[in-house]
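Look at the structure below.

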Amino acid sequence: MTLTAALALTVTGCASLTTSATEVGGVRMGDDRPVRDGGTLTVAFKSDPDKLDPSLGSTLVGRSVFAAMCQKLYDTDAKNRIKPQLAAGMPKVSDGGRKVVIEVRRGARFSDGTRMDAEAVETSLKRHRDLPESARSSELEPVESIEAVGDDKVELRLKEPYEPLLGALADRSGMVMSPRALKKYGKDFATHPSCVGPFRFKQRVTGDRIVLEKDPNYYAASRVHLNRVVYRTIIDGNVRLANLRSGDSQISDQTAPLEVQSALTDDKLQLFNSPTLGYQGLTVNIGNTRGLGKKPGKKNSSLARDKRIRQAFELSLDRSLINKIVFQGMYDTACGPVAPSSELGTKTKCPGRDLGKARRLLRETGAKGRVPVELTISNTVEDMRLGQVVQAMAKDAGFQVKLRPTEFTTLLEHADKGDFEAVSVGWSGRLDPAGNIDAFAATLGSENRSGLSDKRIDSLIEDGRRTADPDERRDIYRDVTRAINDQHALIYLYRQRNYVVATKDVGGLRVYGDGLIRVENAGYVRGSSGSALGLPPVEQGGEVRGDSTEARSR
C-alpha cells in the first residue's frame, strides 16, 4: 500500500466527523444587528502582516489591516461590484480609453490631519508605479502620466486602453497616502502609516500585535463605533479558537475547516463564509535568480532544468484528495488563476493524478533515483499537513520532497529574493483576472516569484489588457491559463473559502469575496455585556496592556 492510499483511508475514517450540527451552510458575508459605541475588538490573524505600506505590502492579512486604515479610490461590495470610496464617482473615460479622469472626494483628511486632495492622489499613484520596490508597479505600468487638475480631479493618460485599471484602483494601487508622512518618513512609511480611514495607526509589536484607534479626522467618524482594533498574530488555529472562547479575542481570521466544524458546535460563536476570488498552490522557481523585478536567469535545480520534471511533479498530485485529506473537502479544487465565480472565469476540469505518465516523464529525462525537491512551506499546522500530503503523493511518482517550514513573512521574503526551489503560496484574488495573472506570470511582473518568462504568455497578457469586450477577454484569459499551465511553474491546487469565526456579541462585521475583514461599522451588539469580550486591555488609554492574556495566546 502506498502512503497516499493510507492517507485516503484516513480520510474515509474522518468523514463521519461532519454532522448536521457542523455543516457550514450557505454564504454569509455580513451581520446587520445594531451595535453600541465603544470597546476594543481583537482580531486573531493566522500570520503576521508584512509591511504596512500600500506600495510594498503583499499579504492578505496586511490588506485586512489596510481595510481599516487606508481607504482606496474605489472599493468592492458584497456582490463584487466596484463603487467609489475616496473617489467622488466612477471615472470618466475618453480618447478611446486612453484618458481617465477621477474626481476626488472633498472634505477627507489623513490621520495626520492634512487634507486629502488631487495632489495627494497624484503623489500616491506615482509612488505605487515608480518606487523600485513597489509590488504595484505592474498594475500601474500602463499609466503614462498622472496629473492633478485643480484640487479635486486627477487625470491619467494611458499608453493604450487598459481594462484592468479600475480593478487595480479598487485595491492597494488605489490607496492614498499622506504626502506629508511620505516626505517625513520616506521608506520608513510602513512604521508610520498615515492614510484616510476609520482607524489610525497606533502601535506595532512585530510578530505579536498591531493596534489601531478610531480616527477623529475620518470623514465618517460618526458611523464608527469601536474605539480600537487590535490585530494579534496567533499561528495555531486551535489557539485562535481558544482565544475566542476565553474572550481574549473576538474574531478568528482564515479559520481552518476542522476549527470551523468545532466552532459550529459552540452557541457563543458565529460563522461568516464567503467564496474567494483567489487561489492557493505551489510556485516553482525556474528563473528567479536576482529577486523580484529583475531579469530572469537560470536556476540549477531539477524542477527548474526540465519542464517534463515539473509536469511529472504536478501529475503526482491529486487535488481532490488533497482537499479531502487536508481541508475536510470544504475548499474547492483549482487548476487556474481565475475563479469560476469571476465574471470572466470559465469552468475548467482539473487534470487528474497520473502516476504512470509522471514516472514515464521522469524516465525520459534520464533522472536517476528519486528526484530531490525542497518545498518551502508556512509553519502553520494546516500548511504543514498540506506539505506532508504533497510529500507523500510525490514520493509515489519518484520524488523525494524535503519540507522547509518557515514563518510566513520570512517565507515571502525568501520567495521574493528567489531563495527557494518550490514554495507553497497563494493569492487572495482580484475582481479583474489581470489582477491574478499579470504580476505573477508576465516577464518582470512585480510578483513573478517563479521567474517565468514566456513570449506567448506576455503577448496574451497584453491582449487581455487592451481588449474591452467581455467575451473576448474571457477567451484570452482561458488561453493564458492554458499557456501558464503548460509551463508547470505555477501549480494551482485549490481555492479556499473565507471562513471567519466571531463571537456572537460582535455585530456589523463584513466579510466579502476579496477575503478582507471589514470592521468600519463593527461593534458590540446592544445589550451585550462585553465583559468577556476583551474590552479591558486597551480601554484605559495609553499603551496597550493585556500581557496577562499573552500566555493563553501564544
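Contact here means heavy atoms within 4.5 Å. The model is predicted: local features need pLDDT of at least 70, side-chain atom pairs count only at pLDDT 80 or more, and totals for chains, interfaces and linings use all residues. Residues are numbered from 1 along each chain as its sequence is written, and side-chain values use heavy atoms, without hydrogens or water.

Start at Val-154. It sits in strand β8, residues 153-158 (strands are DSSP runs of E, at least two residues, and helices runs of H or I, at least four, numbered from the N terminus). Val-154 is buried, at 1% relative accessible area (buried means under 20%, with a 1.4 Å probe and protein chains only). Beyond neighbours within four places in sequence, Val-154 contacts residues including Val-100, Ile-102, Ala-118 and Ile-146.

Now take Ser-55. It lies in the loop between β2 (40-45) and α2 (60-69). Ser-55 is buried too, with a relative accessible area of 0%. Its side chain joins that of Arg-127 in a polar contact of 2.9 Å (a pair of N or O atoms within 3.5 Å; within protein, one able to donate a hydrogen and the other to accept it, and residues adjacent in sequence count only if both atoms are side-chain atoms). Ser-55 also touches His-128, Leu-131 and Met-177, among others.

Finally, the helices. Residues Arg-308, Ile-309, Gln-311, Ala-312 and Leu-315 of α10 meet residues of α12, among them Leu-355, Ala-358 and Leu-361.

Key
Buried < 20%, exposed > 50% of the residue type's maximum accessible area, 1.4 Å probe, protein only.
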